[in-house]
Amino acid sequence: MKIFSKMYEWTLRFAEHKFAPRMLALLTFAESIFFPIPPDVLLAPMVLAKPHKAWSYATLTTIASILGGSVGYLLGYYMFEPWIQPAITAMGKQDAFDAVVLWFQQWGVWVVFIAGFSPIPYKLFTVSAGFLHMAFLPFLIASAIGRGMRFFLVAGIIRWGGAAMEQKIRQWVDILGWLIVALIIVAYFVLR
């Protein structure tokens, strides 16, 4: 089944749309708070479509992520008891949240940097940092460095790879897509 090829083609076409930068900013902002899809899935095709804008797209993504992360922090700080805790309980994610709290206790601000740079869901750490009343300025600095490094790395690799990389992605997108789905399913059952 070539589901991922079709999605990839649609994303490449959308990446050239005049509203694509606004959608990238909105997706990134939402991903830092609650949305499950990482901004890299739109950032990469946008850089492929317009390589000369790679650094401006990476900057836009970084700024939107920091703003979204700040909102996540504020939600954790002020709205944890009435909104966030019931949602965590309803989704059956209390153990995952407890693990994040433990990581904060062990690693402090470094956990925000690592979550910002890695594929670990950044949103868990923005809300947790607020809930734990982490100092805002170190949170902001760690977020800016971690998220900035990630998005500039993605933009740089895609810009550097150019058309040759785009052809390889096109060739392997369905296999990679199904591998990611399989990994998500395995992770779900292992981490339950």
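Modeller: Gladly, starting with a definition: helices (H or I, at least four residues) and strands (E, at least two) are DSSP runs, numbered from the N terminus. This is a predicted model, in which local features need pLDDT of at least 70 and side-chain atom pairs count only at pLDDT 80 or more, while totals for chains, interfaces and linings use all residues. Residues are numbered from 1 along each chain as its sequence is written, and side-chain values use heavy atoms, with hydrogens and water left out.

Biologist: Which helix gives the most to the nonpolar patch?

Modeller: Patches are made of residues with over 30% relative accessible area and no salt bridge; like charges are joined within 9 Å, and nonpolar side chains (Val, Leu, Ile, Met, Phe, Trp, Tyr) within 5 Å. Accessible areas come from the Shrake-Rupley method with a 1.4 Å probe, and for residues only the protein chains shown count as cover. The nonpolar patch here covers about 830 Å², with Phe 117, Leu 137 and Trp 160 among its residues. Seven of its residues come from the top contributor, H8.

Biologist: Is Ile 157 buried, partly exposed or exposed?

Modeller: Ile 157 is found in helix H8. Buried means under 20% relative accessible area, exposed over 50%, and partly exposed in between (1.4 Å probe, protein chains only). Since its relative accessibility is 39%, Ile 157 counts as partly exposed.

Biologist: How many salt bridges does the count come to?

Modeller: A salt bridge is a side-chain nitrogen of Lys or Arg within 4 Å of a carboxyl oxygen of Asp or Glu. One of them joins Arg 150 to Asp 40, with the closest N and O atoms 2.6 Å apart. By this rule, the count is three.

Biologist: How many residues apart in sequence are the parts tied together by Glu 31 and Lys 123?

Modeller: These two form a salt bridge, their closest N and O atoms being 3.7 Å apart. Glu 31 lies in helix H2 (residues 20–31) and Lys 123 in helix H7 (residues 122–131), so the parts they tie together are separated in sequence by 92 residues.
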